[in-house]
Amino acid sequence: MRVIQILDTTLRDGEQSAGVNLNTNEKKEIAKQLVRLGVDAIEAGFPIASPGDFQAVKTIADEVKGATIVGFARATKGDIDAVYEAIKNAEQARIHMFIATSPIHMKYKLRKSPDEVIEIAVEMIKYAKKYFQDIQFSAEDAGRSDLDYLVRFTKEVIDAGATIVNIPDTVGYMMPREYGYLFKHLKEQVPNSHKALFSAHCHDDLGMAVANTLAAIENGVDQVEGTINGIGERAGNAALEEVAVSLYTRQDYYQATTKMNLEQIARSSKLISKLTGMIVPGNKAIVGANAFAHESGIHQDGVLKERTTYEIIRPDLVGYSSNKLVLGKHSGRHAFRERLIALGYVLSDEQINVAFQKFKELTMKKKEIFDDDLMMIIDEQQLKQ
Ligand code: KIV
Ligand code: ZN
């Protein structure tokens with residue numbers, strides 16, 4: 001089974017979410033949790049961005065062991081020096097440099113020709129080699145770059161010494177088949193492609209980040225990047241918990257796995273939501289409050305008879321203690337009776353009928369019926385045995 005490397009960028013791209021601002025202690029706490037989660041590499045931040053960012057990356061590199069610590073840099077000597085100073089004490093250190101390769105970015109943002117961009121990339125990789133063995137290089141906006149140019153660029157950066165080449169869909173523009181094809185094409189057409197690992201990095205502007213990441217895996221990518229809860233610039237990055245659980249649940253399809261400890265997902269998700277202040281939507285896959293909640297009577301009846309009828313992921317797999325049968329207006333008698341039994345009430349069929357009638361009346365007034373409501377019904381109707 002192929003093992004896909006995971007680079008978590010919650011602390012770098014994730015922190016680029018509008019309104020998020022983590023201090024050094026919070027970043028360290030998250031990094032420690034990411035080690036528990038079993039990611040291979042933690043992108044700790046962008047040291048040149050500010051003294052605070054530098055300090056946070058340095059603290060993580062000095063104190064957090066058990067994963068490769070990655071420092072982010074533009075392709076400039078100043079950025080590279082700052083990354084070195086920040087992560088030189090890491091157990092394993094990696095620099096992640098980038099330069100844009102799309103016509104739009106080269107023309108309007110960099111104001112450089114395609115040849116000049118390759119020259120800068122090559123020169124800066126050679127410069128970084130004096131500090132680092134592990135050098136990741138990203139072709140920013142690869143998703144909108146010319147394919148032949150990307151082949152040439154990739155060959156040159158690998159020749160210069162890049163050990164990982166990242167092909168980001170920076171603006172979340174690509175569709176899964178196209179993005180997957182990029183990796184197939186690069187692996188086949190870049191003559192020295194076997195000398196480096198390939199990495200996928202997807203944004204969610206069109207809601208495709210996880211699908212695109214999985215398409216890259218289908219097409220032989222070695223590493224994937226993302227964030228917990230999918231936080232990140234604009235619409236966010238690929239949600240790593242969704243990628244990892246998809247690989248686990250559909251091992252038959254992907255024949256690939258990760259080293260992630262899936263049972264740490266719930267804890268990671270809650271910590272990151274708490275510290276970033278970014279609320280996880282209730283219907284979010286894997287970590288949303290409703291991800292394991294069954295509301296309708298038909299579903300609740302099915303799950304009570306055999307949970308696999310409506311549950312493809314066991315909640316305990318990802319660190320939740322149990323699924324949740326929400327008692328509301330769609331609930332049926334089966335779920336209602338089971339909840340009463342769990343609360344210690346074993347009632348006759350006749351008593352259940354009375355209580356169920358009262359319960360249904362209450363659902364007209366309240367969306368969700370809690371245990372206290374049920375106990376009140378039992379008391380009011382004097383149904384206790
Ligand atoms: O989205 C992106 O392109 C990035 C870097 C890898 C440059 O975050
Ligand atoms: Zn990004």
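Trainee: In which sense do E3 and strand E4 pair?

Mentor: Bear in mind that this is a predicted model, in which local features need pLDDT of at least 70, side-chain atom pairs count only at pLDDT 80 or more, and totals for chains, interfaces and linings use all residues. Residues are numbered from 1 along each chain as its sequence is written, while chains are lettered from A and ligands numbered from 1 in the order in which they are written. Helices (H or I, at least four residues) and strands (E, at least two) are DSSP runs numbered from the N terminus, and two strands pair if DSSP finds at least two bridges between them. Strand E4 covers residues 68-74 and is joined to E3 over four bridges, the sense being parallel.

Trainee: Which residue of E4 stands opposite Glu43, and through which helix does the chain cross from E3 to E4?

Mentor: The residue opposite Glu43 is Val70 in E4. A crossover is right-handed if, with the strands pointing away from the viewer, the path from the first strand over the helix to the second runs clockwise. The β-α-β crossover from E3 to E4 is right-handed, and the helix it passes through, residues 51-63, is H2.

Trainee: Which residue stands opposite Ala41 in E3, and what handedness has the crossover from E2 to E3?

Mentor: Strand E2 (residues 5-8) pairs with E3 in the parallel sense over two bridges, and the residue opposite Ala41 is Leu7. Between E2 and E3 the chain runs through helix H1 (residues 24-37), and this β-α-β crossover is right-handed.

Trainee: How many residues of strand E3 are buried?

Mentor: A residue is buried if 20 or more other C-beta atoms, placed from the backbone, lie within 10 Å of its own, exposed if 12 or fewer, and partly exposed in between. Strand E3 spans residues 41-45 and is largely enclosed by the rest of the structure, because its buried residues number five of the five.

Trainee: Which elements give two or more residues to the shell around ligand 1?

Mentor: Ligand 1 is surrounded by Asp13, Phe98, Ser138, Glu140, Asn166, Pro168, Thr170, His201 and His203, where a residue is near if its C-beta atom, placed from the backbone, lies within 6 Å. The elements that contribute two or more of the shell residues are strand E6 (135-140) and strand E7 (164-169).

Trainee: Which residues of helix H15 are buried, and which helices do they pack against?

Mentor: In H15 (residues 371-380) the buried residues are Leu374, Ile377 and Ile378. They fall within an arc of 95° seen down the helix axis, so they line one face of H15; the arc is that of the directions from the helix axis to the C-beta atoms. The face turned away from this buried side carries the exposed residues Asp372, Asp379 and Glu380. With contact meaning C-beta atoms, placed from the backbone, within 7 Å, the buried residues of H15 pack against helix H13 (333-342) and helix H14 (349-363).

Trainee: Is Asn229 buried or exposed?

Mentor: Asn229 is a residue other than glycine with a positive phi, near 65°, and its place is in the loop between strand E9 (223-226) and helix H9 (240-249). Because 30 other C-beta atoms lie within 10 Å, Asn229 is buried.

Trainee: Where does Ile286 lie?

Mentor: Ile286 also has a positive phi, near 70°, and is buried, with 26 other C-beta atoms within 10 Å. Its place is the loop between helix H11 (265-276) and strand E11 (293-294).

Notes. Two residues are in contact if their C-beta atoms, placed from the backbone, lie within 7 Å.
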